[in-house]
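User: I have a structure to go through with you. Can you put it up?
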Amino acid sequence: MVRQGARSSPWISSQLKTAGIGPDDIRTADDLAKVPFTTKQDLRDNYPFGLLACPLEDVVRFHASSGTTGRSTVVYYTQEDIDTWAGLMARVLKTTGLTNRDIMQIIYTYGFFTGGFGFHYGAERLGVSVIPSGAGNTTRQLEIMRDFKTTSFTSTPSYALHLAEVARQNGIDPRTDLHLRQGVFGGEPWGEALRSQIEETFGIDAYDNYGLSEICGPGVACECEAKDGLHFWEDYFILEVIDPETGEVLAEGEKGELVFTPLWKQAMPLLRYRTGDISRIIDGDCSCSLPFKRIERITGRSDDMLIIRGVNIFPSQIEEVISQHPAFQGHYQLVIDREGAMDRLTIRMEVTEELFSGSLKDLLRIQKEIGRAIRSAFFISSEVKLVEEGTIPRSMGKAQRVIDLRGEQL
Ligand code: DLL
């Protein structure tokens, strides 16, 4: 694969040249350590076609990331790439227990984002009946679920919560009025508290799945019925876990940044792609029969880490703490700004209508309790603001959990 990449991809051949090695120096997976990493910045710098490794005539699809900062990153697929991806996604869906008797509503955007098409092709490959409803129009989504007797749906976990909320507002009880039995969620980090909330509200099993456009899209790793880590497809890529600071490859089981080398890609082969995502390989076998190793659920991205008053915190760690409180509903936002020279963390958290319009004393007590929990977990003080249901913007895709205003205040 390295040899083919060196021949067909100007990017890979220059990457090897920089390292002073040729394709024949890479003979085992361990030899990969000689190759420099590929990063998101490399994709941006080579926007749009700089990583193309085949004639444009052979490309049948483009996807791209929205590029909130800087240029977007573009990925390309040949027909064979699309077929392989569909196979990997079919594997994901089968692993989460879907069969050709299921009706799956795909509530991801069909567009440059890989979510919609990834699930679509994978589900069709498995023989699942697909409802390509796409993102948005939440009331209509619920009607479709009811009318088509949808048994499964896929969306970002934050959108699933929004769906539950709109169901409630429309007098629909998802447990009794719908026919859902499972759901597959991903595209953004989500913790166990959110999982329980989704499972309880909809009366379903909620499975995590992970992926990224640069590797294929969704289809890289997913949970099985044990929900104890995400199996990743070792026969389709090599996974290394590195220290994000030094780039050093860590021993199996240690926590660090995931680095993937896909083994099949034609239009856009990549060597050692740094995902920025933090996890670790889980030791030992799973209670299911799958032969594939597992990674822990992604706890955050190395570039997501917040440094607040000198303390390193991932947003997911804050979620873990606030989600323990019984008033937690799943919708929250972290705002970080400066008060003078000091960082200030404000946690905006939605509470139910009932609580919000209830006694002020209760609200103050809850704010205090959450503030205390944050202080004892991270040794920093924070301001907790309980807000009314619907205050925090809902997104059809990935939720924006963190608003860091410190850069603007410099
Ligand atoms: O989000 C692909 C995807 C779509 C995966 C739908 C699952 C479901 P990108 O837009 O390129 O691709 O974003 C990839 O999202 O590097 C992670 O930081 C984050 N991410 C994706 N899945 C998970 C997950 C799609 N299950 C980036 N848990 C990745 C935590 C996730 N983070």
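User: How do β18 and β19 pair, parallel or antiparallel, and over how many bridges?
Analyst: Strand β18 (residues 332-339) and strand β19 (residues 342-350) are antiparallel, with 8 bridges. Strands here are DSSP runs of E of at least two residues, helices are runs of H or I of at least four residues, and both are numbered from the N terminus. Two strands count as paired if DSSP finds at least two bridges between them.

User: Which residue does Val335 face?
Analyst: Val335 is opposite Thr346, which belongs to β19.

User: Before I go on, what kind of model is this?
Analyst: This is a predicted model, where local features need pLDDT of at least 70, side-chain atom pairs count only at pLDDT 80 or more, and totals for chains, interfaces and linings use all residues. Residues are numbered from 1 along each chain as its sequence is written, and side-chain values use heavy atoms, with hydrogens and water left out.

User: OK. What sheet do those strands sit in?
Analyst: An open sheet of 4 strands, ordered β20-β19-β18-β21, with mixed pairing. β20 (383-387) and β21 (402-404) are at the edges with a single partner strand each, so one side of each has no neighbour in the sheet. The twist averages 20° from one strand to the next.

User: Which strands does α10 touch there?
Analyst: Helix α10 (residues 315-322) packs on the sheet and touches β18, β19 and β21, its direction making about 115° with that of β18. Contact means heavy atoms within 4.5 Å. Axes are lines fitted to C-alpha atoms, for helices over the stretch in contact, and angles run from 0 to 180 degrees between N-to-C directions.

User: And α12?
Analyst: Helix α12 (residues 360-378) packs on the sheet too, touching β19 and β20, at about 140° to the direction of β20.

User: Switching to the other sheet. What is the strand order?
Analyst: It is an open sheet of 9 strands in the order β4-β3-β5-β6-β7-β8-β9-β14-β13, and the pairing is mixed. β4 (129-131) and β13 (281-282) are the edge strands, pairing on one side only.

User: Which helices lie across it?
Analyst: Among them are α4 and α7. Helix α4 (residues 79-95) lies across β3 (103-106), β6 (182-186), β7 and β8, at about 30° to β8. Helix α7 (residues 157-169) lies across β5 (152-155) and β6, at about 120° to β5.

User: What about β7 against β8, parallel or antiparallel?
Analyst: Antiparallel, over 4 bridges. Leu212 has Gly217 in β8 as its bridge partner.

User: Now the ligand. Which residues come nearest?
Analyst: Asp208, Asn209, Ser213, Asp277 and Lys398, out of 22 residues around the ligand. A residue counts as near if one of its heavy atoms lies within 4 Å.

User: Where are the polar contacts?
Analyst: A polar contact is a pair of N or O atoms within 3.5 Å; within protein, one must be able to donate a hydrogen and the other to accept it, and residues adjacent in sequence count only if both atoms are side-chain atoms. A ligand oxygen atom is 2.8 Å from a side-chain N or O atom of Lys398.

User: How much of the ligand does the protein bury?
Analyst: 92% of the 610 Å² that the ligand exposes when taken alone. Accessible areas come from the Shrake-Rupley method with a 1.4 Å probe; for residues, only the protein chains shown count as cover.

User: Which element gives the largest share of the shell?
Analyst: β7, with 5 residues.
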